[in-house]
Amino acid sequence: MGGYIPKKKRVKLKRELGIFQVTVAGVGIILGAGIYALIGVAAGSSGNATWLAFLISAIIALFTGLSYAELSSMFSGDAGEYDYIKNAINKKFAFLIGLSMILSGFISAAAVALGFAGYFTQFINMPLIVAAIILVIAMTLINFIGIKETSWFNTISTIIEFTGLVIIIILGIKYFGKIDYFEMPKGLSGVFSSAALVFFAYMGFESIVKLGEETKNPQKVVPRALIYSVIITSIIYVLVAVSAVSVIGWEALHQSKAPLASVAAAVLGSYAFLLLGVIALFSTSNTVLITLVATSRLMYGMAKEKSLPKVLSLVHKRTRTPWVSIFVLTLLTIIFVFIGDIEIVGNLTNLFLFLTFASVNLSLIVLRYKCKDTHRGFTCPVNIGKFSLIAFLGMISSLIMIGFVIWNLMGGA
C-alpha cells in the first residue's frame, strides 16, 4: 500500500466535486440515522410538538452553518474547525476541539452502524456486532477507493432515503390539522430537551468544510452547499415530524422501535415495514460512510498541521485518499461498535458537537477583528460593524444546548 512520499512530491487529494455533489454530500449525511431512530425517542419529551424541537435545532444549525460558511471561505483546508480555532484562539485549544470532533465521529459512526445492524439482522440472521463490523469494513473500502466512488454511493443512498422521508410526508398530508401540534407532555423544557437530542439528526452539515481540498472552487462552492443542505433538510425534518404525529400520535411514535416504519404501516399495512426497513439500511450505511469520510479528512488535516502523527497525512498514490487515517479510524470505530444505546451516544455526540460549535462561533467573532483584511468568499450576514450577531447567537444557543444535553444524560428529560 502507500508509503512515505517526499515533501516535494507529496500526492494531493483530487479535486472532483462541484456544487451539486457537495450539497448532496451535506444532505446525505444529515438525512441519516437520526431522523429514522431518534424521532420516536424525542416524541416522549416533546409530544406533538416534536416538529418544534426539529425546528429549534435547525435554527441553531443554520446560525452555526453561516459561521462555518464564512470561515470555510477563509480557510479551505480539510482541518476545518482546527484551522479556525487555532487562528482565532490558540493551537492547544484547537487540538482539544479537533480531538473531540474525531471522538464524536467514530463514536457516532459506531452507533449508527449498530442501528444498521438492527435492521439488517431482521433480514439475515447473524449477531448484531458482526453485522455492524461488516458494514464498517464495507464503508471503509468505499472511502479508501476514492472520493468519487464515495460521492456516487452517497448520491444513490441520498435519493433512496430522501424518497422514504417524502413517502412519510405524503402519507401524513390527509391527517394534517387533526391534532394539537402544541401538545407538550413535558412543557417547553421538554421540547428543548428533545431539540438537544435530535440535533444528532443534523450532524454532518459542518463536515462539508472538510471536503475543501477535493472541491472545485471551494471558497464559493463550500459555503453555498453548506447553507443549501441545512435549509433543505430542515424543511424535510419538520414536515416528517408533523406527518408522524398526525398519523399515529406522539405516544405510539414514542413506543415504537421503528417509528417511521410504524407510521407507514398505519397507512399502508405491514408491507411498509419491509419498505422502510430497506430504506433505513441505505440511510444508516450512508451516514456511516460520510461520517468516516469527514472524520478521516479531519485526521488527515490535523496531521498535515503536525498536531497528529505525520503518518496520518499520507495519501495513497493510486486512490489519492488518506489511507492511514482511514484505516486507523476504522479500528477505532470497530472498538466502539460495542456501544449500542443510540440515545446515550446521540447525547454524547451532541455534547462534543455543541462544544465545538460554540468555539467555532467564537472564532468567527475573534477573527473578524484579528484577520480583518483576510479575503472572504462569503460573509456571514447581520452584523454590527465587524461584530457578527449570527455568530453570537450561534455561540449562546450552543452553550444553552450543552446544558440540556447534560440534563438529558442525567436522566432529567
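Trainee: What should I know about the numbering and the model?

Mentor: Residues are numbered from 1 along each chain as its sequence is written, and side-chain values use heavy atoms, without hydrogens and water. The model is predicted: local features need pLDDT of at least 70, side-chain atom pairs count only at pLDDT 80 or more, and totals for chains, interfaces and linings use all residues.

Trainee: How many helices and strands does the protein have?

Mentor: Helices (H or I, at least four residues) and strands (E, at least two) are DSSP runs, numbered from the N terminus. The protein has 14 helices and two strands.

Trainee: What share of the residues is buried?

Mentor: Buried means under 20% relative accessible area, with a 1.4 Å probe and protein chains only. Of the 413 residues, 61% count as buried.

Trainee: Which residues have the most contacts inside the largest nonpolar core?

Mentor: A nonpolar core is a set of buried Ala, Val, Leu, Ile, Met, Phe, Trp, Tyr and Cys residues joined through side-chain atoms within 4.5 Å. The largest one here has 136 residues. Ile35, Ile39, Phe54, Phe205 and Val240 have the most contacts inside it. Helix 9 (residues 218–255) gives the most to this core, with 17 residues.

Trainee: What does Phe205 touch?

Mentor: Contact means heavy atoms within 4.5 Å. Leaving out residues up to four places away in sequence, Phe205 touches residues including Ile30, Tyr68, Leu226 and Phe357.

Trainee: Where is threonine 321, and is it buried or exposed?

Mentor: Threonine 321 is in the loop between helix 11 (271–304) and helix 12 (323–336). Threonine 321 is buried, with a relative accessible area of 0%.

Technical notes
Buried means under 20% relative accessible area, exposed over 50%, partly exposed in between (1.4 Å probe, protein chains only).
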